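The account begins with the interface and then turns to the helices.

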Amino acid sequence: MTGQEKKAFILLLPVMLVIGTLFVGGLLLGLLRSFNYMPVIGLDDPSLDAYARVFANDEFWTALALSLYISVVSTAIATVLAVASALVLRETFKGKRIVTFLFQLNLTIPHVVGAVAILLLLSQSGFLARLGYFGGLIERPSDFPAMVYDDWYLGVIVQYVWKETPFIGLITLAILQSVGADYEAVAQSLGANRWRRLTQVVLPLIAPGVMRAQIVAFAFTFGAFEVPYLLGKTFPTVLPVLAYQRYTDVDLGLRPEAMAMGIVIAAVSTVLILGYMALSRRLGRT
Amino acid sequence: MRERPNTIFAFLGGPQFRRWVFLSALMIFLVLPLLPLAIWSGAFNWFFPSLLPSVWSTRAWAYVFSPTAAILPALWNSAVIAGGTVAISLLIGIPAGRAIGLYDFRGKRLVEFLVLAPTIVPPLAVVLGIHVVFIRLGLADTMAGVILVHLIPVTPYVTMILAGVFANYDPEYEEQARTLGAGPLTTIWRVMLPSIFPGVVVAGLFAFLISWSQYVVTLLIGGGQVQTLPLLLYAFVRSGDFAISGAIAIVFIGPGVLMLILTARYLTGRNQSIGGLGGA
């Protein structure tokens with residue numbers, strides 16, 4: 001070991017201890033239990049039964065599809081809004097400081113609070129419905145489109161877009177500032193119009209960084225529990241809520257199934273980290 | 001771009017007007033959801049279709065600050081848990097950030113992978129596995145156990161933010177201090193910490209915000225014994241008491257907003273390490 005390696009080893013020991021025991025340990029224990037392997041309570045014959053039961057259950061596939069649908073739609077909308085916001089926020093204009101502050105403010109608001117706020121805003125007797133009544137658009141709460149506890153999880157998606165737009169937007173803003181305006185100036189001097197400068201210069205330059213932010217946002221929404229737990233239906237529900245329901249069921253025999261679902265969530269996320277690392281390498285090269 | 005003639009019609013179709021429309025819509029989208037929360041917290045009753053409560057009341061706020069309600073203890077629990085999580089994550093994240101940002105070593109890629117993994121793999125998937133071990137170690141239903149599980153989502157962000165800070169750090173200054181006779185602790189305290197201070201503040205802010213907003217892992221590991229603000233907020237929303245829910249929500253947002261105001265000057269978009277990671 002070189003001197004630097006020795007130093008790095010000592011400095012990394014505490015963090016590796018925490019991540020190794022809590023994170024890796026927790027995942028491995030979950031994996032063992034998903035194989036129905038728990039010698040302490042007499043389960044010492046590992047099997048794939050829990051997975052078989054999970055995969056044979058329509059409820060699981062619906063939950064997986066629902067989770068993917070929510071993450072894809074909310075991340076896509078948030079990205080478009082975020083990139084547009086970042087492109088506007090990098091310009092200089094009157095009131096920029098207050099606008100940027102309000103943009104950041106949203107990051108400090110916990111998802112739990114965001115979910116309650118969206119409930120009070122979008123429910124059929126919520127604030128928007130009242131505005132709709134005063135605007136003469138609706139007469140009764142039931143005239144207002146159902147956006148919470150609805151089939152399409154609209155409230156959940158709105159909440160995620162609301163929270164993720166500033167998150168992806170601020171990262172995009174930082175990337176835009178580090179890229180600078182030189183490339184655009186060159187493109188402009190070569191005769192590229194606004195639209196071509198945007199689509200052929202700016203967007204390709206920021207794409208890898210924006211995609212990394214998207215992956216974090218996507219993985220978060222895919223594995224998040226709080227928002228669909230409050231704003232979504234109990235049935236069908238998203239994968240994390242389903243796993244939680246199985247885990248806290250009075251029937252302890254369902255716990256291996258809960259673990260199996262946890263592992264599926266982790267597996268989908270792992271594919272995402274690999275993508276993230278690949279993008280980081282590409283970023284590092286350019 | 002060509003200059004447009006300076007008339008009101010040109011303004012209405014011009015880029016400045018479009019920017020104004022876009023920003024206004026964006027600000028309404030970001031701020032509007034918080035408005036009903038604030039109004040509800042002062043409402044005695046607020047029936048459809050009234051735009052404002054017909055009867056106002058300080059009931060919710062009196063309840064929030066009353067010594068008999070469970071809210072002040074929950075606020076205290078949340079603060080102790082977030083404080084402990086921030087302190088521990090910084091203590092282990094600063095050295096780790098230094099190692100990743102400053103040194104080359106074999107297995108660096110694996111270390112980076114392990115540090116990044118918890119930002120992508122949701123804590124719920126991990127905590128389901130830990131729970132039984134925590135029960136046997138006596139850590140379930142305790143504040144210490146909750147702090148430990150909060151470290152899972154928090155530590156990666158702290159480490160990666162500080163790794164970015166250390167990547168732009170020049171250890172030459174430490175050498176100079178050492179030649180001038182400073183001991184290792186003096187060097188850390190008087191040279192290293194002051195120069196990474198803005199990064200430490202930002203890392204601490206993220207650590208606080210992430211710990212402060214955890215819900216499901218606190219619920220599982222705390223077993224309902226460790227009551228924090230988000231748990232109480234859920235209980236009141238589920239019971240349909242939106243006035244108290246609104247007041248709790250505002251109390252819950254307060255510290256994070258305050259910390260953002262205090263640390264905003266360190267959060268400039270110029271810092272790529274922060275921009276490259278951010279917090280969910």
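Between chain B and chain A, an area of about 8,700 Å² is buried, and carbon and sulfur atoms give 79% of that area. The model is a predicted one. Phe48(B), Ile120(B) and Leu128(B) together supply 9% of the area that chain B buries against chain A, which is more than any other three residues. In terms of residues, 93 of chain B are in contact with 103 of chain A.

Charged pairs also occur across this interface: the count between chain B and chain A is two salt bridges. In one salt bridge, Arg106(B) is paired with Glu5(A), and the closest N and O atoms lie 3.2 Å apart.

Chain A itself has twelve helices and zero strands. The C-alpha trace of chain A spans about 75 × 75 × 30 Å along its principal axes.

| Helix pair | Axes come within | Crossing angle |
|---|---|---|
| α3 (residues 58–89) of chain A and α7 (residues 154–179) of chain A | 7 Å | roughly 40° |
| α5 (residues 111–122) of chain A and α12 (residues 229–238) of chain B | 10 Å | roughly 20° |

For the pair within chain A, the axes of α3(A) and α7(A) cross at roughly 40°. That angle makes α3(A) oblique to α7(A). The crossing of these two helices, α3(A) and α7(A), is right-handed. Where α3(A) is in contact with α7(A), the residues comprise 18 nonpolar, six polar and one charged.

For the pair between the chains, the axes of α5(A) and α12(B) cross at roughly 20°. An angle under 35 degrees counts as roughly parallel, and α5(A) and α12(B) are therefore roughly parallel to each other. The crossing of α5(A) and α12(B) is left-handed. On the side of α5(A), the contact is made by Val112(A), Val113(A), Val116(A) and Leu119(A), while α12(B) contributes Pro230(B), Leu233(B), Tyr234(B) and Val237(B). By class, the contact of α5(A) with α12(B) has eight nonpolar residues, with no polar and no charged ones.

Conventions
Residues numbered from 1 in each chain as written. Chains lettered and ligands numbered in written order. Predicted model: local features only at pLDDT ≥ 70, side-chain atom pairs only at ≥ 80, totals over all residues. Heavy atoms only, no water. Axes fitted to C-alpha atoms, helices over the stretch in contact; angles between N-to-C directions. Helix = DSSP H or I, 4+ residues; strand = E, 2+ residues; numbered from the N terminus. Parallel < 35°, antiparallel > 145°, perpendicular 65-115°, else oblique. Left-handed = near helix turned anticlockwise from the far one by under 90°. Nonpolar A, V, L, I, M, F, W, Y, C, P; charged D, E, K, R; others polar. Contact = heavy atoms within 4.5 Å. Buried area = accessible area lost by both parts, 1.4 Å probe. Salt bridge = Lys/Arg side-chain N within 4 Å of Asp/Glu carboxyl O.
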